[in-house]
Amino acid sequence: MDFVFTPEQERFRAEIREFLEKEIPPEFRRKPENNWIRGFCPELSRKLGQKGWIGLAWPKKYGGQEKSYMDRLVLTEELVCSGAPVFSHWFGDRQVGPAILAHGTEEQKQKFLTGITRGEIQFGVGMSEPEAGSDLASLQLRAIEEGDHFTINGQKVWTSGIHNAHYIYMVARTDPDTPKHRGISELVVDVNLPGITIRPLKDMTGEYDLNEVFFDNVKAPLDSLIGEKNHGWYQIAEQLDFERSGVERLMSNYPLLRDTVEYVRKAGLNKVDWIRRKLAQLEAEFEVGRLLVYRVAWMLSQGKVPNYEAAMAKGYGTAFEQRLSNAITQILGMYGQIADDSEDIPLIGRAVSAYLYCPAYTLQGGTSEILKGIVATRGLGLPTK
Amino acid sequence: MDFNLNEEQEMLRKMARDFLTTESPKSLVREMVEDDKGHSEILWQRMAELGWMGLAFPEEYGATGGSFLDLAVLLEEMGRACLPGPFFSSIVLGGMTLMEAGSEEQKQRFLPLLAEGKVILTLAILEEDGQYDPKSVKLTANAEGSDYVLHGTKMFVPDAAVADYIICVARTGGSGSSGITLFLVDAKSQGLSLSPFITLAGDKQYRITWDGVRVPGENILGEKDNGWIYIEKVLQKAVVGLCAMMVGGAQQTLEMTVDYAKERKQFGRPIGSFQIIQHHCTDMATDMDGARFITYQAAWKLSEGLPCIKDISIAKLWTGEAFRRMTSLAVQVHGTLGWMDDHDVPFYYKRAKAWELWLGGADFHQDVVATEMGL
């Protein structure tokens with residue numbers, strides 16, 4: 001048993017920190033919360049790619065470094081906690097790359113993994129449909145094999161990051177005549193193909209992170225298929241674990257906690273009993289969450305496959321994100337509802353942004369309810385009927 | 001980073017679980033709740049023969065020389081079994097105080113006896129306000145020749161009726177953390193009287209009245225007026241030890257509840273197939289894993305001698321509340337059956353509340369964490 005990083009990992013952390021201090025553009029540094037998912041800055045992704053810090057655990061022949069998942073944990077922790085705008089490569093690094101690595105052809109690996117590690121390829125992720133949210137396996141979008149291509153028809157919704165993306169990583173029904181779980185495939189499709197229409201959706205923060213995507217007789221080449229046809233449902237389980245298990249599920253608002261402690265101290269609120277308690281409680285909950293997240297990375301580094309552990313970490317972490325932003329709006333009192341980002345407003349409206357974004361975390365990548373079911377059935381062995 | 005125990009620790013865990021399953025069954029736990037002293041001498045001697053009393057004391061005192069982390073593993077199993085008796089009082093509270101504050105001569109004299117289970121210790125810190133605060137230590141010890149005479153009242157002293165010696169935290173001067181002295185007091189001393197409390201969990205705690213108890217000056221542990229720094233260190237270890245017991249209790253609570261949810265049928269299906277029960281069980285499992293990791297992180301840091309004041313308080317405030325939440329859900333999932341006195345669930349429900357409050361509740365530890373955060 002030990003609960004520390006190795007000296008090499010600590011040196012790596014220091015190197016990342018130094019790099020990020022120089023390279024994060026000021027506008028992102030000013031508001032660091034949620035930048036892993038909202039901060040779009042392809043220049044930074046390319047620089048990180050040059051450092052070898054995308055696809056860190058992947059084989060060297062695809063541009064990776066063959067480092068351990070604990071090293072990757074150190075890297076992602078620094079990226080998330082510093083507010084680095086890394087959205088442009090995040091999906092590729094976190095889940096699409098691992099999916100291709102696990103199930104893709106050599107050609108696909110060469111093309112996509114190399115592009116991802118250079119910070120040159122951005123993916124959107126197309127999972128949900130209007131009639132298939134938590135019940136993802138009932139998805140209706142069809143990709144029917146016809147000669148040398150798939151013909152794709154249907155609609156995706158709540159699709160993240162597609163508006164700047166080069167490709168959409170998606171699941172589609174490739175066999176409509178078998179039971180629902182057995183007719184699904186994973187595809188990576190060029191978003192510039194004719195017949196794809198993207199319509200941005202405005203969320204409650206006033207931004208346009210999510211989209212509807214319409215496919216009207218889109219003809220995608222056969223090599224868009226990742227892995228085995230009709231086997232996608234079984235392939236994506238692992239990919240979803242990658243989506244669920246990272247530090248971003250706990251630490252998206254960590255800079256806000258850190259800076260609130262500083263603000264409270266400077267404003268002389270540190271002797272106010274209920275404020276002390278609220279912040280101490282958040283700190284305790286954060287430290288517990290950190291260990292739940294570390295456990296997942298540690299399992300990966302041991303070659304073990306986390307499944308319920310990832311679901312548990314995400315469920316816990318995202319609920320914490322909500323308690324955190326809620327508590328901080330309360331500490332700020334009336335300023336907790338001022339969204340104005342001028343310098344004379346405490347924490348320049350960051351708590352408001354965090355509060356408005358945080359409901360998304362308990363929904364995306366598996367709602368908390370779905371995740372609790374996974375822990376109960378896969379982890380605790382409770383029956384489904 | 002490594003979340004696993006080592007091979008020896010896994011063996012210790014297995015041995016402890018096997019032993020406690022047969023030697024400390026719930027029938028004994030129940031009997032000991034009813035018993036005046038709550039102590040089975042047969043069980044105590046068997047544990048001593050296994051080397052458990054001396055597990056975490058150095059070899060030069062006839063002990064095993066294990067680490068604090070090893071002791072945490074053992075305490076976890078004791079918490080799981082709801083082990084009755086004075087192990088925690090004697091070994092953790094008493095023994096650790098002796099280790100921290102005792103002179104070489106005192107350690108040579110008492111630790112081997114402690115390790116053999118031939119002497120039982122306890123520690124008397126709290127007074128009427130029930131606060132772990134040096135300002136609350138009011139019991140006086142006045143010098144008379146080479147002796148000291150103790151006057152005052154100690155509260156909530158665990159297992160005092162079976163202790164051979166009581167370590168008394170007394171005031172010899174000043175008003176805060178300076179001027180506190182630790183005395184190793186023969187429990188049969190004149191002027192010392194015990195009256196038992198009726199406790200929530202059936203463990204044994206006493207109000208001790210000290211009416212001119214005479215203690216030889218050579219029985220001071222550590223330096224005169226400088227006792228509180230040792231108590232602080234002992235409390236750190238005791239808090240983590242208690243957390244380990246809570247982790248064990250919580251693990252048993254979770255397993256019992258999940259097993260029941262798989263077996264119990266209503267509406268023609270196991271209740272564990274209903275989402276609401278699944279979510280209760282998942283909430284318990286999350287509390288469980290969080291409690292386990294945060295506790296073992298603190299135990300590991302203590303074992304390694306790393307700074308960990310904040311980690312310890314986080315462990316206590318989290319684990320105390322997590323165990324309590326888990327036992328509430330355990331009763332809920334078991335239904336009225338889980339509220340019945342002859343069921344095992346109430347053992348854990350009661351201990352969770354008692355241990356949440358013991359050695360500083362959430363408020364106390366939140367304040368420590370806030371200070372450590374620079375607030």
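Student: Which domains does the assignment give for chain B?

Tutor: This is a predicted model. The domain assignment divides chain B into domain 1 (7-119), domain 2 (122-226) and domain 3 (229-372).

Student: How many residues of domain 1 of chain B are in contact with domain 3 of chain B?

Tutor: On the domain 1 side there are 21 residues, in contact with 23 residues of domain 3 of chain B. The centres of these two domains, taken over C-alpha atoms, are 21 Å apart.

Student: And which helix of chain B gives the most to that side of domain 1?

Tutor: Helix 4 of chain B does, with 10 residues. Helix 2 (26-34), helix 4 (68-81) and helix 5 (87-101) of chain B each supply at least two residues there. By class, this side of domain 1 of chain B has 13 nonpolar, three polar and five charged residues.

Student: Now the helices. At what angle do helix 7 and helix 10 of chain B pack?

Tutor: Helix 7 (residues 228-263) and helix 10 (residues 345-357) of chain B pack at about 150 degrees, and their axes are 10 Å apart. The angle is over 145 degrees, so the two helices count as roughly antiparallel. Their crossing is left-handed.

Student: Which residues meet there?

Tutor: From helix 7 of chain B, they include B:Leu242, B:Met245, B:Gly249 and B:Met256. Helix 10 of chain B contributes, among them, B:Tyr348, B:Arg351 and B:Trp355. The contact comprises eight nonpolar, three polar and one charged residues.

Terms used. Residues are numbered from 1 along each chain as its sequence is written. Chains are lettered from A and ligands numbered from 1 in the order in which they are written. This is a predicted model: local features need pLDDT of at least 70, side-chain atom pairs count only at pLDDT 80 or more; totals for chains, interfaces and linings use all residues. Axes are lines fitted to C-alpha atoms, for helices over the stretch in contact, and angles run from 0 to 180 degrees between N-to-C directions. Helices (H or I, at least four residues) and strands (E, at least two) are DSSP runs, numbered from the N terminus. Angles under 35 degrees count as roughly parallel, over 145 as roughly antiparallel, 65 to 115 as roughly perpendicular and the rest as oblique. A crossing is left-handed if the near helix is turned anticlockwise from the far one by less than a right angle, and right-handed if clockwise. Two residues are in contact if their C-beta atoms, placed from the backbone, lie within 7 Å. Ala, Val, Leu, Ile, Met, Phe, Trp, Tyr, Cys and Pro count as nonpolar, Asp, Glu, Lys and Arg as charged, and the others, Gly among them, as polar. Domain bounds come from an automatic or database domain assignment.
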